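Please read them alongside the model.

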Amino acid sequence: MLKLFLIYLSQADWARQIVQRWSFAKRTAARFVAGETLDEAVAVVKKLHQRGIATTLDHLGENVISKEDAFQAADEVLDIISKLKQEGVRSGISIKLSQIGLVLDREVCQNNLIRILESARENEIFIRIDMEDSSLTDATLEIFYAARKNGFENYTGIVIQSSLYRSIQDVKNLLAEQCKIRICKGAYKEHRSIAYPQKKSVDENFDRITDLLIEQSKAAGSLVSADGGFPPIPAIATHDQDRIEYALEYARKIGLDKTGLEIQMLYGIREDLQEDLVNREYPVRVYVPYGKEWYPYFVRRLAERPANLWFFLTNLVRLN
């Protein structure tokens, strides 16, 4: 119930307006958000790279309310690409299609995505399309497939959520085209008619999908690029150590090279586990968000793990 309430709060404008005025909330969110500016985020990326950790940058924001905002959001991604090129930094970029116009005008969204992918191809940068709530799943997949058919298949990947019943079939369809997939559990409130209501079932589906990704990676000889810029087919995105160890054990069982999969985590969460995996010579990529629209992202992080919420409440108590 607490998780569902926090997910509700992450989408509530009234809660956003209150919390974003709290200076302590902004300071606490800094644990999970790499600043409000691109320069701040790139500085964090460089530090992670020094620790042997690859990255993907994300300019926070979703569900823009005007076409002008959508164009501006796409321009921000182009600025990220230019900045990475200028600084000589090899990092991927994650984007949400709702941020570049999906819920406003599909054609605007597609045109913005083409602009982004053309620049990504020119500068050898990988773009991951994030998956949002289930109301956008079909449209997101359709636009992703269309981008691949337009010649961007080597420069973009997709995210699938194990919480949805449909995901196992979506993954099979995607793997038939050798798509690069990040599997995560999902952080959106979904109706039990389309999503597993119990954590155990979500975890079991996560493992089933992990098996498929690892098997396809083995068959295709898919490896992370030497410079960390491009991921292999499987990106196992979780902080759940049981899910991670399951993936690593299955990879060992079928003889997949360590660089044939990638473990992905969020900035500021389970840094001890990130370090351990790097020491064991597994590829690790950290999702590095930045920007002024940090509230929804921050509250979803609180919803995912009780330890995150405890961290926030502890800081609140100390300030009172």
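1. Helix 7 spans residues 137-152. Its buried residues are Thr137, Ala139, Thr140, Leu141, Ile143, Phe144, Tyr145, Ala147, Arg148 and Phe152. Buried means under 20% relative accessible area with a 1.4 Å probe, protein chains only. Helices (H or I, at least four residues) and strands (E, at least two) are DSSP runs, numbered from the N terminus.

2. This is a predicted model: local features need pLDDT of at least 70, side-chain atom pairs pLDDT 80 or more, while totals for chains, interfaces and linings use all residues. Numbering starts from 1 along each chain as its sequence is written, and side-chain values use heavy atoms, without hydrogens or water.

3. What do the buried residues of helix 7 pack against? The partners are helix 6 (106-123), strand 3 (127-129), strand 4 (156-161) and helix 8 (167-175). Contact means heavy atoms within 4.5 Å.

4. The whole structure holds two cavities of 30 Å³ or more. A cavity is a set of points on a 1 Å grid over the protein atoms alone where a 1.4 Å probe fits but cannot get out; lining residues have an atom within 4 Å of a point. Volume is the space filled by probe spheres set on the points, which are joined across faces, edges and corners.

5. The largest cavity has about 40 Å³ of space. Its lining is Asp58, His59, Ala73, Val77, Ser94, Ile95, Lys96, Gln99 and Ile100. Strand 1 (54-59), helix 5 (67-87) and strand 2 (92-95) each give two or more of these residues. By class, four are nonpolar, three polar and two charged.

6. The second largest cavity is also listed at about 40 Å³. Thr56, Gly92, Phe126, Arg128, Pro231, Gln264 and Arg285 line it.

Methods:
Buried < 20%, exposed > 50% of the residue type's maximum accessible area, 1.4 Å probe, protein only. 1 Å grid on protein atoms, 1.4 Å probe; cavity = no way out; pocket = protein on both sides within 12 Å on 5 of 7 lines; lining within 4 Å. Nonpolar A, V, L, I, M, F, W, Y, C, P; charged D, E, K, R; others polar.
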